[in-house]
Amino acid sequence: MSSLAQLGNSMNTPQGLLFIIIVFIGYLFLSGFAIKKAMPKEYRGQTLVIFALIYISIVFLLITYSFRKSGQVTAAMLPRLWIFGILACCVYLLINILRKKESRDPESGSFKLPLLYITASIIYVAVMPLLGFFIASFIFLVASILMLHYRRWFIIMLISIGWIAFNYILFYRLFFVSFPQGFLLNL
Amino acid sequence: MDMVNHLIQGFSSLFGIIPILAITAGVVFGIWVGAMPGLSPSMGVALMLPFTFRMPASISLIMLTAVYLASNYGGSITAVTINTPGTPSAIATAFDGYPLARQGKAGWGLGVSLVASVVGGFIGIIILILFSKPLAAVAVKMHPAEYFSLALLGLTSVASLGGKNGIKAFAMALLGLLLSTIGLDPISGVKRFTFGAIELFDGFNFIPALIGLFALSEVFERLETKLPNTSGTLKGAKAEGEWPKIRDYWKLKRVTIQSSVLGTVIGIFPGAGSAIASFLSYDLAKRTSKTPETFGQGNPEGVAASEAANSASVGGAMVPLLTLGIPGSASTAVLISALMIHDLVPGPMLFSQQPDLVYGLFASMLVANIIMLFVGLLGSRLWVKVTLIPQQLLIPLIISIAVVGSFAVKNSLFDVFVCLGFGVAGWLLKRYGFPMAPIVLGLVLGNLAEASFRRAVIMGGFGVFFTRPASLILLILCVVFFSLPFIQAHRDKKKANS
């Protein structure tokens, strides 16, 4: 197996994925730092996105070298075609940005609330196997409504309990969707 | 003349409380299933199937077909009200339906989608009745080269979906195509970009990706801006916006009819799907519109084009099913099992041996469209109230719907994480001018394009795409459709400079 194929093979594993993600985070930090120094403020965001696309494309390209070759049209052919297309678009966009021909980044709002919600959503899904779908969903709904400064408790309870009941009747009983039960219901 | 007699007999078989009840139940259930993200039309038909075992064959079929028909319309409800297409075929509906709702014209979005669906459904069924046999003969001759060219034609709509950001849209379509290659290669079995995860052997499930890219990215975008600090109340809320009048629907007749015909034709080809039909019709509507720049900002023509096509594709999908016994979609595959349960063999013999059943089915589809119109009109007054729910309640509910919808597809938490991942990525990409629609287009068409391309090359070499006339014509159309927006933009720029 060639060295590129070996590299691709090692990246196409769970450990490889972890390595890719760690390098990606570091790469984004370094790119962000470089972009801040070199680019005008109104193009920094999209430039970072383009750099991220370039990274993803290169990683995927390396992985394609590990695909077994068979037949006239191999498993790697079309992924590589798409990857080279993405890279070409990224280069074109970067040139346009340097020439200031691209539209500017939009006015940024606050990232605080979206990041808070993303974190809450991840925690909600992560604890679902532990608490069970119904308890986790109830807590998530109440907490997420409160995070948006809504304080009518009757409506909050009505919506939360109503939603749980709706899912129980429709998805759990009628459609037989196996929601995680959690340890409480399994005791 | 025979056909007319059979059709009259078909209608007369519907005179009775049981057939009408069966159609109504199918329509109501279908709309419900279609509206819920995570539940697909095929799932709705499959869920209804056990209830129909003990029914007579005719009643069973008309009920299941009503579910299939109505669920294609149902997807537009959540597409318009909360930017969460309930079915893949409603993605293009969201492009203009949701902006209409944001402008306070949810009534327009819902009304146009309903009427266009009904008209599209009618036209699809009429084409099915009149031309089923000759169309089936064409469908069965489709070579993989033509399927690839058709998929490529679908991808050319990225040029118009991207608006001013043509290259960004193209990059996103390519990203969608790349993401569609994740999983086991269908031809050689190679594990592509699976990173050792069994859950990725089938690639990303489409529904969680769709919900994340559309619904969650929109939610995160809204959270960035300051939400109205209102306690809000549902009590005393008025219906948002006005409803279209008959003359408004009449103004959309050209786009509705053209999309219905195109949708039916694409629905005929097994595997092509209602999503491709709706995308292509949307693109064609935009190209032929007098105001193409308004597409994506709340143009009712966009809603009409998408909905008419996806409903008309149902009639098209029934062509290979009934005439050849070939299911054109997952839903028709379930319908085949329903036919077999009742000892019916779909194919040319069904028409000659059981004309009453076949034409009764055609008649029931026409009646189902009428019932869908009434149910939709009554229901729309209710659906529109969703847009009046305060953001503080709606946003958590949308996230909850996204979680449930993603989980329900395969009972997998992995899909929920995929949904969240696509939501975050979609939010960031959209923020910096990278449109979402082309990613979805790439995801939808990627597998079809690649599998057809490789099969075609295996069967006939690389030249087959140019030696087969149908494929060559489609490829020429691709080049023309793709380059037109760029040529137009270049001309506009020259004009502006001079």
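Me: Where is B:Ser412 found in chain B?
Reply: B:Ser412 is found in the loop that lies between helix H18 (391-410) and helix H19 (413-431) of chain B. Helices (H or I, at least four residues) and strands (E, at least two) are DSSP runs, numbered from the N terminus. This is a predicted model, in which local features need pLDDT of at least 70, side-chain atom pairs count only at pLDDT 80 or more, and totals for chains, interfaces and linings use all residues. Residues are numbered from 1 along each chain as its sequence is written, while chains are lettered from A and ligands numbered from 1 in the order in which they are written.

Me: Which residues is B:Ser412 in contact with, leaving aside neighbours within four places in sequence?
Reply: With those neighbours set aside, B:Ser412 is in contact with B:Glu199 and B:Phe407. Two residues are in contact if their C-beta atoms, placed from the backbone, lie within 7 Å.

Me: And how many other C-beta atoms are within 10 Å of B:Ser412?
Reply: There are 16, so B:Ser412 is partly exposed. A residue is buried if 20 or more other C-beta atoms lie within 10 Å of its own, exposed if 12 or fewer, and partly exposed in between, with C-beta atoms placed from the backbone.

Me: What separates the C-alpha atoms of B:Ser412 and B:Val358?
Reply: These C-alpha atoms are separated by 39 Å, and the two residues are 54 residues apart along the chain.

Me: Turning to chain A, how many helices and strands does it have?
Reply: Chain A has 8 helices and 0 strands.

Me: Why is chain A described as more spread out than a compact globule?
Reply: The radius of gyration of chain A is 23 Å, well over the 16 Å that the globule rule gives for 187 residues, so the chain is more spread out than a compact globule. The radius of gyration is taken over C-alpha atoms, and the globule rule is 2.2 Å times the number of residues to the power 0.38. Along its principal axes, the C-alpha trace of chain A spans about 60 × 45 × 25 Å. Buried residues make up 27% of the 187 residues in this chain.

Me: How do H3(A) and H4(A) cross?
Reply: The axes of helix H3 (residues 44-64) and helix H4 (residues 77-98) of chain A come within 9 Å and cross at roughly 155°. Axes are lines fitted to C-alpha atoms, for helices over the stretch in contact, and angles run from 0 to 180 degrees between N-to-C directions. H3(A) and H4(A) are therefore roughly antiparallel to each other; angles under 35 degrees count as roughly parallel, over 145 as roughly antiparallel, 65 to 115 as roughly perpendicular and the rest as oblique.

Me: What about H5(A) and H6(A), at what angle do they pack?
Reply: Helix H5 (residues 112-131) and helix H6 (residues 133-147) of chain A pack at about 160°, with axes 8 Å apart. H5(A) and H6(A) are therefore roughly antiparallel to each other. Among the residues that meet there are A:Leu116 and A:Tyr124 in H5(A), and A:Phe140 and A:Met147 in H6(A).

Me: Finally, how many residues of chain A are in contact with chain B?
Reply: In chain A, 58 residues are in contact with 53 residues of chain B. H4(A) provides the largest share of the chain A side, 10 residues.
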